[in-house]
Amino acid sequence: HISEDGHAKNKKSALKANDILIVRTGYPGTACLLPPEYEGSNCIDIIFARPDPEQVVPAYLCTFTNSEYGKKQVLDGSGGLAQQHFNVGELKSLLVAVSPLPEQVRIEEILLNLRQREATEREALDKARRYKAGLMQDLLTGKVRVNVDEAEEVTADV
């Protein structure tokens with residue numbers, strides 16, 4: 001929590017929707033987009049980027065920062081012995097592959113669809129694992145019995 005006075009004194013770190021928030025210490029470079037409901041919040045010990053929307057789609061830059069290539073650049077620029085630490089200066093030196101805006105939008109749409117599909121498939125896999133665990137429990141405790149003749153037929157089909 002930050003006081004109203006603290007917020008007023010740190011206006012330069014007041015956030016806007018779609019700002020890219022980037023972790024400085026611990027897991028440097030991990031990035032996310034600020035949701036609209038948090039606009040006006042303040043950040044004291046986190047890096048944020050506000051790209052020119054005529055040059056870079058914020059979601060595209062966030063995805064780039066979280067990519068393997070972006071993470072490698074962040075880690076190469078990080079210092080610190082006990083914990084990795086990333087500074088604003090290193091953020092400014094990142095080399096970002098910037099495609100034309102329509103292509104950035106299309107890339108983000110494709111990646112969003114893939115992330116949604118991955119989440120759906122992960123949910124289905126988790127559900128199947130829970131079902132399997134429950135069925136194994138029922139079978140191994142004798143709660144559910146298997147007809148030996150039917151089991152042989154199933155095994156033969158496999």
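Contact here means heavy atoms within 4.5 Å. The model discussed is predicted.

Q: Which residues does alanine 49 touch, not counting residues up to four places away in sequence?
A: Ala49 is among the residues of the largest nonpolar core that touch the most other members. Strand 3 (47-49) is one of the elements that give two or more residues to this core. Leaving out residues up to four places away in sequence, alanine 49 touches Asp19, Ile20, Ile22 and Leu91.

Q: Which element gives the largest share of the largest nonpolar core?
A: The largest nonpolar core has 14 residues. Strand 1 (20-22), strand 3 (47-49) and helix 2 each give two or more residues to this core. The largest share, three residues, comes from helix 2.

Q: Are helix 2 and helix 5 parallel, perpendicular or oblique to each other?
A: Helix 2 (residues 58-66) and helix 5 (residues 101-140) pack with their axes 9 Å apart, at an angle of about 60°. Angles of 65 to 115 degrees count as roughly perpendicular and those under 35 as roughly parallel. The two helices, helix 2 and helix 5, are therefore oblique.

Q: Which residues of helix 5 meet helix 2?
A: The crossing of helix 2 and helix 5 is left-handed. From helix 2, the residues in the contact are Ala59, Tyr60 and Thr63. Their partners in helix 5 are Gln104, Ile107, Glu108, Leu111 and Arg115.

Q: Is serine 99 buried or exposed?
A: Serine 99 lies in the loop between helix 4 (88-92) and helix 5. Not counting residues up to four places away in sequence, serine 99 touches Tyr60, Gln104 and Ile107. With a relative accessible area of 17%, under the 20% cut-off, serine 99 is buried.

Technical notes:
Residues numbered from 1 in each chain as written. Predicted model: local features only at pLDDT ≥ 70, side-chain atom pairs only at ≥ 80, totals over all residues. Heavy atoms only, no water. Axes fitted to C-alpha atoms, helices over the stretch in contact; angles between N-to-C directions. Helix = DSSP H or I, 4+ residues; strand = E, 2+ residues; numbered from the N terminus. Parallel < 35°, antiparallel > 145°, perpendicular 65-115°, else oblique. Left-handed = near helix turned anticlockwise from the far one by under 90°. Core = buried A, V, L, I, M, F, W, Y, C linked by side-chain atoms within 4.5 Å. Buried < 20%, exposed > 50% of the residue type's maximum accessible area, 1.4 Å probe, protein only.
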